[in-house]
Amino acid sequence: MLSVFDIFKIGVGPSSSHTVGPMLIARRFLLACEEAGHFEAAFRVMVELQGSLALTGIGHGTDRAVLLGLSGETPEKIDTLGIEDKLQKIRDSGCISLLGRKEIAFDARGDVDLRGDIMPDLHPNGMRLVAFDDAGAELFQQTWYSVGGGFVRQESEMGRDEIADAVEVRYPFGSAAELLRQCDKDNISVHRLIARNEDSFRPRAQTLRKLDAIWKVMSASIDRGLRTEGILPGGLRVNRRAPALYGKLTRHGPLNEREALFDWLNVFAMAVNEENAAGGQVVTAPTNGAAGIIPAVIKFYCAMDGLAEMEKIRRFLMTAGGIGILYKQRASISGAEMGCQGEVGVACSMAAAGLAAVWGGTPQQIEHAAEIGMEHNLGLTCDPVGGLVQIPCIERNAIGAVKAVNAARLALQSDGPHKVSLDQVIETMRQTGVDMNRKYKETSEGGLAVNVVEC
């Protein structure tokens, strides 16, 4: 099984597949080059971005992520406040310090080649990296794929079952039906089952600390988004809206309108995704593009007014993470493969399950909530305007958060079995993603991306 911390990763915006993944790949390539004994002889490094990484790479910050990864930075530990200075130094000097240890000449434009004309067969997010010696001879090369949610794989690993590489756990499951059977057999809740599985990875106390750290980053991204004003980078001149919306909510005092729930979920989700669009630190949940849905729902139902109910938050994250594992195992969480149904749709499904668990739902009701959350996101396209994670992504997270709450409500108010299972809806999402036209899958070649004027 995978771990919930394979689903929830701390990283930087604006994209888990186009920013986090390429940063990891660039660094791992150099470490592999060093292990092969070629690092000291490397005189030039070239990175070829293929497919969706090229087509929306500039808007998603892929070119920047490559430079940071080659410099030895990691998404989890990078100082986001120092990113611009580091990048500007590389551009101005025409040099880069590989892994922070070996300086070579580097053309930030010429040595990062955008090959949108190459659409790899194995996955739309391909990267080919090559190190050359001082005579121009190839020393070392690898091809990698950023497969969504910050997951990366070498070419040789593609087609191999990711789960085969994972840890053996007490309650293995490859489907929602198996998960429910395990819960029924031992009369155990979903979040406790997942917690016991996590015990195979690390001591329980460490797992709880990691969950708390995940929430701390989620909460901080909400707080920064609520107070940071201005225009988002990238050229679309999209204004940050969360601070003004938050100001209206807080100035008016307690709101009794029925619609106030929408306002709070909207502002929390948008705060996170505006931070993500600005390159801030967020948690993949399960991706950066969908990073606002789960934090927004947790904030409203488990941490309102600054009083974080950590036991509820841990239950939410464990349950949501277990559902995310199912999508990763049985389909994909990559917008370049599945469209936005694989990002916002999966996040909505995970959030619905997590909230149903917090509300005391049975395993069957939790599965039902997750199913509803995805069923009504099927076919959702990924068509970012200008290749930026701004339009429609920011508002889409707000809508997804509201939809997740409604899915949980419907599931807990339903009696008896339901007609559509979570396994069926995950398989439908997978088939829909396979059939979806390429231009609607994170290429900015169709949909809103071609019908909205970039000005």
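**Cysteines, crossing helices and a sheet**

Tutor: At a relative accessibility of 1%, Cys302 counts as buried, a word that stands for under 20% relative accessible area, with exposed meaning over 50% and partly exposed the range in between (1.4 Å probe, protein chains only). Please keep in mind that this is a predicted model, in which local features need pLDDT of at least 70 and side-chain atom pairs count only at pLDDT 80 or more, while totals for chains, interfaces and linings use all residues. Residues are numbered from 1 along each chain as its sequence is written, and side-chain values use heavy atoms, with hydrogens and water left out.

If a disulfide is taken as a pair of cysteine sulfur atoms within 2.5 Å, the count here comes to zero. Cys302 is accordingly in no disulfide, and the nearest cysteine sulfur to its own, that of Cys348, is 16 Å away. Cys183 is also buried, at 2% relative accessibility, and because the closest cysteine sulfur, in Cys302, is 19 Å from that of Cys183, the two are too far apart for a bond.

Now to the crossing helices, where helices are DSSP runs of H or I with at least four residues, strands are runs of E with at least two, and both are numbered from the N terminus. Helix α9 and helix α12 (residues 293-302) pack at an angle of about 90°, with their axes 10 Å apart; axes are lines fitted to C-alpha atoms, for helices over the stretch in contact, and angles between N-to-C directions run from 0 to 180 degrees. That makes α9 roughly perpendicular to α12, since angles of 65 to 115 degrees are called so, those under 35 being roughly parallel, those over 145 roughly antiparallel, and the rest oblique. On the side of α9 the contact (heavy atoms within 4.5 Å) is made by Trp215, Met218, Ile222 and Asp223, and on the side of α12 by Ile294, Pro295, Ile298 and Lys299. Sorted by class, this contact of α9 with α12 has six nonpolar residues, no polar ones and two charged ones, where Ala, Val, Leu, Ile, Met, Phe, Trp, Tyr, Cys and Pro count as nonpolar, Asp, Glu, Lys and Arg as charged, and the others, Gly among them, as polar.

Helix α9 (residues 204-227) also meets helix α11 (residues 260-277), the axes coming within 7 Å and crossing at roughly 90°, so α9 is roughly perpendicular to α11. Here Ser221, Ile222, Arg224, Gly225 and Leu226 of α9 touch Val267, Phe268, Ala271, Val272 and Glu275 of α11, and the residues of this contact of α9 with α11 divide into six nonpolar, two polar and two charged.

Elsewhere, five strands make an open sheet in the order β5-β2-β6-β7-β8, with mixed pairing; strands are said to pair if DSSP finds at least two bridges between them. At the edges lie β5 (112-115) and β8 (151-154), each of which pairs on one side only. Ignoring direction, neighbouring strands of this sheet are turned by 25° against each other on average. Helix α2 (residues 16-35) packs on the sheet, where it touches β2, β6 (125-132), β7 (138-148) and β8, and its direction makes about 150° with that of β7.

Strand β7 is mostly covered, with eight of its 11 residues buried. It runs antiparallel to β6, joined by seven bridges, and the two form a hairpin with five residues between them, in whose turn Gly136 has a positive phi of about 85°. Strand β7 is also antiparallel to β8, through four bridges, and that hairpin has two residues between its strands, with Gly149 in the turn at a positive phi of about 65°.

Most residues other than glycine have a negative phi, and most peptide bonds are trans. Ser444, not a glycine either, has a positive phi of about 60°, but Ser444 is buried, with a relative accessible area of 18%. As for the peptide bonds, the one from Gly13 to Pro14 is cis, with omega near 10°, and another cis bond, with omega about 10°, joins Ile391 and Pro392.
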